[in-house]
Each structure stands twice: as C-alpha cells, then as structure tokens.
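Reader: I'd like a close look at one part of this model, the helices, with the confidence scores kept in view. Could you walk me through that part in one go?

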Amino acid sequence: VPGQSSIGTAGQDCIGPNMRPENVKRLSVVMLLPPVLLLAACATSSPPSVVDSPKLPARPELTQPLSSQSYSSVARSNIESWQKQLTDTPATSGR
C-alpha cells in the first residue's frame, strides 16, 4: 500500500495513538521499574559509622625560659649589632 511504512501492523501496536491499553500499562511498568528499583537500592539503610574525632596532642614543654626583655628590644639590639658588623667590614676594591 503506498504511503505506509515497512514496519507493518506489528510495529503500530507500540507507537502512536493506536496503542492498545494493555501495551500502555506494560510499557508504563517497564519504564517505571528501573527508577523505582534504583531508589529502593539507594534507600537501604547502612549501619551508622562511628567516627572518632582525633585527639589533640599534648602541649609542648617550654625548652627555653621566657626572656625578661620584650621582643622589640631584642629585635632592635639584633639589628643594631648586624648594622655595626656590616659598617665595620672593610669595603673590597672592584679591581
């Protein structure tokens, strides 16, 4: 018959507005079954995992006693000492 596809009547049962109600139900079940099974597999509860938080290490012992001088005064004296060492060093000639 001109104008008809070569699929035939067997292919027309599954597509288009001529679909039979039994095929619609079967196709609906087949299409909905995989997502439902996947959701059911993801929804299974696993035993709760017990997570032990790491323990804080002990505070380190002080190996040196705290200085009676402030940090700024120690830094100032160090800088002055280094500056004196640099200025007291004789310059080398470029020859």
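Author: Let's start with confidence, since this is a predicted model. Among the elements of the protein, helix 3 has the highest mean pLDDT (93), while helix 1 (residues 9–12) has the lowest (49); pLDDT is the predictor's confidence in each residue, from 0 to 100. Over residues 4–8 the pLDDT is below 50, and beyond near neighbours in sequence this stretch has zero contacts in the model, a contact being heavy atoms within 4.5 Å. Where pLDDT is low, the predicted coordinates should not be read in detail. For the protein, the mean pLDDT is 77, with 75% of the residues at 70 or more.

Some ground rules: residues are numbered from 1 along each chain as its sequence is written, and side-chain values use heavy atoms, leaving out hydrogens and water. Local features need pLDDT of at least 70 and side-chain atom pairs count only at pLDDT 80 or more, whereas totals for chains, interfaces and linings use all residues.

The protein has three helices and zero strands, in the order α-α-α along the sequence. These are DSSP runs numbered from the N terminus (helices: H or I, at least four residues; strands: E, at least two).

Now for helix 2, residues 21–42: its 22 residues reach 32 Å from first C-alpha to last, close to the 32 Å expected (1.5 Å times one less than its number of residues). Helix 2 also bends by about 30° at Leu33, and Pro34 follows within four residues; the bend is the angle between axes fitted to the seven residues ending there and the seven starting there. Helix 2 is hardly covered, with one buried residue among its 22. Buried means under 20% relative accessible area, exposed over 50%, and partly exposed in between (1.4 Å probe, protein chains only). In the protein, buried residues make up 1% of the 95.

Over in helix 3 (residues 71–88), Asp88 and Lys84 sit four residues apart, so about one helical turn separates them. Their side chains meet in a salt bridge at 3.2 Å, N to O, and both residues are exposed. The salt-bridge count comes to one, by the rule of a Lys or Arg side-chain nitrogen within 4 Å of an Asp or Glu carboxyl oxygen.
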